[in-house]
Amino acid sequence: GRIEAGKPLPAAAVLLSPYLDLTHSGASIAARAHRDPFVEPEGMPGTARAYLGEVDPKDPRASPLFGPVEGFPPTLVLVGSDECLFDDAHRFAARLPRAVFQEWVGMIHVWPVFAGQVEEGRWAHAQMGAFVHRELLQA
């Protein structure tokens with residue numbers, strides 16, 4: 001969503017494997033396609049069109065990468081090194097005033113979903129919980 005004057009923002013945010021650029025300008029979409037078993041680059045334009053309708057893919061309401069970040073809360077951004085969406089996460093975190101960026105080496109899109117199968121998923125859950133807990137205590 002948009003950051004609007006006078007609207008309260010959360011004390012913290014966690015972005016896990018975020019899809020933030022519906023123009024698909026990130027080089028990682030093509031460069032990491034062979035490493036990402038979940039995101040299929042050839043299907044992304046159709047998915048984006050279905051979601052966008054008549055909205056411009058650069059509209060920040062659809063592609064937060066292009067939106068304002070002033071006043072954004074402390075944000076933990078987690079992304080796997082093998083994700084097509086790596087550049088979305090990396091570029092957005094670089095713009096945020098208070099971001100903690102974590103690249104998880106060898107991990108795929110939304111790997112914490114598999115916490116029952118991979119230890120890194122459990123570690124990511126712990127990182128997310130600790131971050132939110134710490135930020136809420138400081139709020």
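This section describes the sheet and the helices of a predicted model.

The sheet is open and has three strands. Their order is E1-E2-E3, and the pairing is parallel. E1 and E3 stand at the edges. Each has a single partner strand, so one side of each is left without a neighbour in the sheet. Neighbouring strands are turned against each other by 15° on average, direction ignored.

Strand E1 covers residues 13–16 and runs parallel to E2, to which four bridges join it. Within this pair, Ala13 stands opposite Thr75 of E2. On the other flank, E2 pairs with strand E3 (residues 99–104). This pairing is also in the parallel sense and extends over six bridges. Two of its bridges can be named. Val77 has Phe101 of E3 as its bridge partner. Gly80 is partnered by Trp104, likewise in E3. Between E2 and E3 the chain passes through helix H3 (residues 86–95).

Strand E2 spans residues 75–80. Six of its six residues are buried, that is, under 20% relative accessible area. E2 is therefore largely enclosed by the rest of the structure. Burial holds for both directions of its side chains. Thr75, Val77 and Val79 point one way, whereas Leu76, Leu78 and Gly80 point the other way.

Helix H2 comprises residues 44–52. Its buried residues are Met44, Ala48 and Leu52. Seen down the axis of H2, they fall within an arc of 60°, so they line one face of the helix. That buried set packs against helix H1 (28–31). Arg49 and Ala50 lie on the other side of H2 and are exposed. Gly53 follows the helix. The phi of Gly53 is positive, near 60°.

Definitions and conventions: Residues numbered from 1 in each chain as written. Predicted model: local features only at pLDDT ≥ 70, side-chain atom pairs only at ≥ 80, totals over all residues. Heavy atoms only, no water. Buried < 20%, exposed > 50% of the residue type's maximum accessible area, 1.4 Å probe, protein only. Helix = DSSP H or I, 4+ residues; strand = E, 2+ residues; numbered from the N terminus. Pairing = 2+ DSSP bridges. Right-handed = clockwise from strand over helix to strand, strands pointing away. Axes fitted to C-alpha atoms, helices over the stretch in contact; angles between N-to-C directions. Arc of directions from axis to C-beta. Contact = heavy atoms within 4.5 Å.
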